[in-house]
Amino acid sequence: MDHLAKAIRIITIPPVLAAGLATALFIYDKALLGDNTQFCAMIFFLTILPALAYLLQPFLPLFREKGREGQRHLAFIASAAGYICGVIFAFATAAPIAIHIIYWTYLVSVLLLTVFNKATKWKASGHACGVTGPMSMLLYFIGPRTLPSILVFILMAWASLKTKRHTLVELILGGIDSVIAFLLVLLVVNSFSL
């Protein structure tokens, strides 16, 4: 069971689920993302760039020496860089509103997560945040038929608890973080009729 839990944790890292989100939206309605360029950019900014943290951490002494905490810290940095670049790219290419919503949700999520984890004694799970965000966006863009994706969260939560990477409270807080970020982005988009 430990091997299964570790495998589930790897499969459900935020960059993998971001790729799943982009692919699902592209298959559902290609026009939603604009074109192939926007889809490829999403894969690069939301998946490849953040995933580099996991590949580079063993080779960067500053992060290697800190072990799992160093990997986590580098993942936050790489993710934030990818999300910021995505937002800039979306503006520079006049991307469709769905693209802006997605990039901004990811960026606001990581900002809220960072502030929350620095300002409180609790540590909200970035892993849970990276699972719940795509689920929220799938539900918004595609609809109720994506509700079975909740199983991904349940599996990730079980695996995280089994491997003792997070507590239940950390998982709930991480999940809430991305939902709040998504709702804030939608509020701004709807308020300004963007």
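**Exercise 1. Decide whether serine 149 is buried or exposed, and find what its side chain reaches.**

Solution. Serine 149 has a relative accessibility of 17%, so it counts as buried, where buried means under 20% relative accessible area, exposed over 50%, and partly exposed in between, with a 1.4 Å probe and protein chains only. The structure is a predicted model, in which local features need pLDDT of at least 70 and side-chain atom pairs count only at pLDDT 80 or more, whereas totals for chains, interfaces and linings use all residues. Residues are numbered from 1 along each chain as its sequence is written, and side-chain values use heavy atoms, with hydrogens and water left out. As to its place, serine 149 sits in the loop between H8 and H9; helices are DSSP runs of H or I with at least four residues, numbered from the N terminus. Its side chain reaches the backbone oxygen of threonine 146 at 2.7 Å, a polar contact being a pair of N or O atoms within 3.5 Å, of which, within protein, one must be able to donate a hydrogen and the other to accept it, while residues adjacent in sequence count only if both atoms are side-chain atoms.

**Exercise 2. Describe the surroundings of threonine 12.**

Solution. Begin with the location: threonine 12 is in the loop between H1 and H2, and with a relative accessible area of 6% it is buried. Next, leaving aside neighbours within four places in sequence, list the contacts (heavy atoms within 4.5 Å): threonine 12 touches Leu17, His127, Val131, Val152 and Met156. Then look for polar contacts, of which one joins the side chains of threonine 12 and histidine 127 at 2.9 Å, while a polar atom of the threonine 12 side chain lies 3.4 Å from the backbone oxygen of arginine 9.

**Exercise 3. Work out which residues of helix H1 are buried and how they are arranged.**

Solution. Helix H1 covers residues 2-11, and its buried residues are Ala5, Ile8 and Arg9. Viewed down the axis of H1, these buried residues fall within an arc of 100 degrees, so they line one face of the helix; the arc is that of the directions from the helix axis to the C-beta atoms. An α-helix has 3.6 residues a turn, so residues three or four places apart point the same way. On the other side of H1, His3, Ile10 and Ile11 are exposed, whereas the buried residues pack against helices H6 (67-92), H8 (126-141) and H9 (150-162).

**Exercise 4. Classify the ring pair of phenylalanine 26 and phenylalanine 39, then that of phenylalanine 45 and tyrosine 103.**

Solution. The whole structure holds seven aromatic pairs, for which rings of Phe, Tyr and Trp (its six-membered ring) must have centres within 6.5 Å, with planes under 30 degrees apart counted as stacked, over 60 as edge-to-face and the rest as tilted. The ring centres of phenylalanine 26 and phenylalanine 39 are 4.4 Å apart and their planes are at 25 degrees, so this pair is stacked. It links phenylalanine 26 in helix H2 with phenylalanine 39 in helix H4, 13 residues apart, and both residues are buried. For phenylalanine 45 and tyrosine 103, the centres are 6.2 Å apart and the planes are at 75 degrees, so the pair is edge-to-face. This second pair joins helix H4 to helix H7, across 58 residues.

Technical notes: Helices (H or I, at least four residues) and strands (E, at least two) are DSSP runs, numbered from the N terminus.
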